[in-house]
Amino acid sequence: MLNLIFTLLISPANTPHSAAKSTWIYIALYFYNAYKGKTRAGDEIFISLNSYIRRELSLVKVIIIGANAAGMSAASQIKRQEPEWDVMVLEKGSYISYAGCGIPYFVQGLVTDLDKLITVTPDDALHKRGLNLKLHHEVTAIDPVINTVSVETPDGLITENFDRLIIATGANPHQTSIEYKASKRILNAHRLDDAKNIRSLIESKQADKCAVIGGGYIAIEMLEALKKQGLNTHMFHRRNDLSRNFEKEISDIVLAEMDNEGIELHLNQAVTRITGHNSEVELQTEKEKFIFDMAIVATGVEPNSCLAQDSGIEIGVKGAIRVNRFMQTNYDHIYAAGDCAETTNIITGEPQYLALALKANKEGIVAGLNACGGNEEFPGVLGSAITKFFDLGIARTGLTLAEAENCGFEAIKFSITANSRAHYYPGRSDVKIVLIAEKKEGRLLGAQMAGPVDGVKRIDVYATAITAEMNIDQIFELDLAYAPPFSPVYDPVVLSGRVGRKKIGSP
Ligand SMILES: Cc1cc2nc3c(=O)[nH]c(=O)nc-3n(C[C@H](O)[C@H](O)[C@H](O)COP(=O)(O)OP(=O)(O)OC[C@H]3O[C@@H](n4cnc5c(N)ncnc54)[C@H](O)[C@@H]3O)c2cc1C
């Protein structure tokens, strides 16, 4: 039907393009006026017709909510594919394209200027990339049927319509059972403003004794940053080990290193309440009360998906926005990407929630391409991650033993300690490797490492092997490079394959 109308009105072949445009805009306005304010069904007819016409005329408008890793990757991709489209990026804050991952290194003083964490400035986004970027614009509601978003702007509430929508709202600090309210001295390490506030407390000598609550990557990185700033630094964690993402063997090494560097460890102590006062913070655990100058709550993140949920967009694991491999939500023209969206675990094929930068960037690209009519799939993730504490590198990929067993694998775990370099070469140190493999066929399911910072990037070999569904025998067979400054003759990865063969009964 629409094709017929289109043919009738446009095909008198020589109709000048601008005249055709005006005709269609006129028709669109006619329908709009005819149906506006009447039934919702009328609105829907108008929306379909309008978006068809706009697509034909390259007047497509894409709205992207959130201007960091996922949102800006999507926006740039769309502009590259469809330079004429209106790509409106709505960002509630004042920063775009910033490296949250750099926050601990800014707090530590290793990165001196906060601007260095920014990849694209608002000016470049507007003028070089041609994006219709709006800062301080917070989307407060989505109507996925009549294709509008409500936006709180510095000048009041407005409504914007869209043909396609990409939700890239990221994550929020995890709402723990700890009773606290973020304030001058109680902070999360989540946004650049947090980084600025933490550093300004340190530089103005208002923070000497500080607490970090949590046992994951961000807690580890913040502990290093504060200790390196010379602060009296305490770690609180409700478990006896680091977070469940780490196998005990790795956790023990990291905690020993923390103790060695003078971090006061309060393990097995759940913090129940943190109260901020003018010049101090009161921290209550199940067992004791402590006074600090500053507390940083780094207990993980959760998807910022309320906006989607409230509008009837389907929600999946851990409250993340449910998407298919094309990054589409349950509405074909609405996509979600990054820390707000769920993904697929490459090993199990099951939906999973993970908040990591590479995933966010790649998903943004996939959502952007598909919003332009592409057919790209995002394959999923292994949860590969890496960090450091002082001179100790820590890395993981794939499943932990507990995760493997929960997913129904009959799995074994074994570990080795190997030399990072030839034993006689200066700077050699121990690398601990923990592998998780399927018991019968020896298929590799997970790997974790702790060792020198330049040694644990070997985790990428395991990530590649898991993706290729390699087994332990094949790990041993890998032809990895050797020279004394880099590894022993048997690289720790190859050695782990040799030990693993024995564990699973190969010769
Ligand atoms: C301290 C720290 C260290 C990290 N280190 C690493 C690391 O080493 N490696 C790694 O892989 N990952 C790391 N990460 C995680 C990584 O930064 C995130 O995975 C990545 O930033 C996710 O990008 P995103 O675009 O999905 O979400 P975000 O970066 O959270 O961006 C979402 C954006 O949406 C905006 N927004 C939210 N709601 C609205 C709304 N309603 N209207 C308008 N705008 C809105 C927000 O203001 C924000 O700018 C770290 C994170 C932190 C905080």
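In the predicted model, the shell around the ligand receives at least two residues from each of α4 (69–81), α5 (103–108), β4 (138–143) and α11 (357–371). In total, 33 residues surround the ligand, and the closest are G66, N68, C101, G170 and G338. By residue class, the shell consists of 19 nonpolar, 10 polar and four charged residues. Domain 2 (61–172 + 303–371) and domain 3 (186–299) each contribute at least three residues to the shell around the ligand.

An open sheet of five antiparallel strands is arranged in the order β21-β22-β25-β24-β23. The edge positions are taken by β21 (385–389) and β23 (411–419); each has a single partner strand, so one side of each lacks a neighbour in the sheet. On average, neighbouring strands of this sheet are turned by 10° against each other, direction ignored. Strands of a sheet pair through backbone hydrogen bonds, in either a parallel or an antiparallel manner.

Helix α9 (residues 248–260) lies across β21, β22 (392–398), β23, β24 and β25 (444–452). The helix runs at about 155° to β24.

Over the protein chain, the secondary structure amounts to 15 helices and 25 strands. Of the 507 residues in the protein chain, 43% are buried. Among contacts between residues at least 6 apart in sequence, 64% join residues at least 24 apart.

Key:
Residues numbered from 1 in each chain as written. Predicted model: local features only at pLDDT ≥ 70, side-chain atom pairs only at ≥ 80, totals over all residues. Pairing = 2+ DSSP bridges. Helix = DSSP H or I, 4+ residues; strand = E, 2+ residues; numbered from the N terminus. Axes fitted to C-alpha atoms, helices over the stretch in contact; angles between N-to-C directions. Contact = placed C-beta atoms within 7 Å. Buried ≥ 20, exposed ≤ 12 C-beta atoms within 10 Å, placed from the backbone. Near = placed C-beta within 6 Å. Nonpolar A, V, L, I, M, F, W, Y, C, P; charged D, E, K, R; others polar. Domains from an automatic or database assignment.
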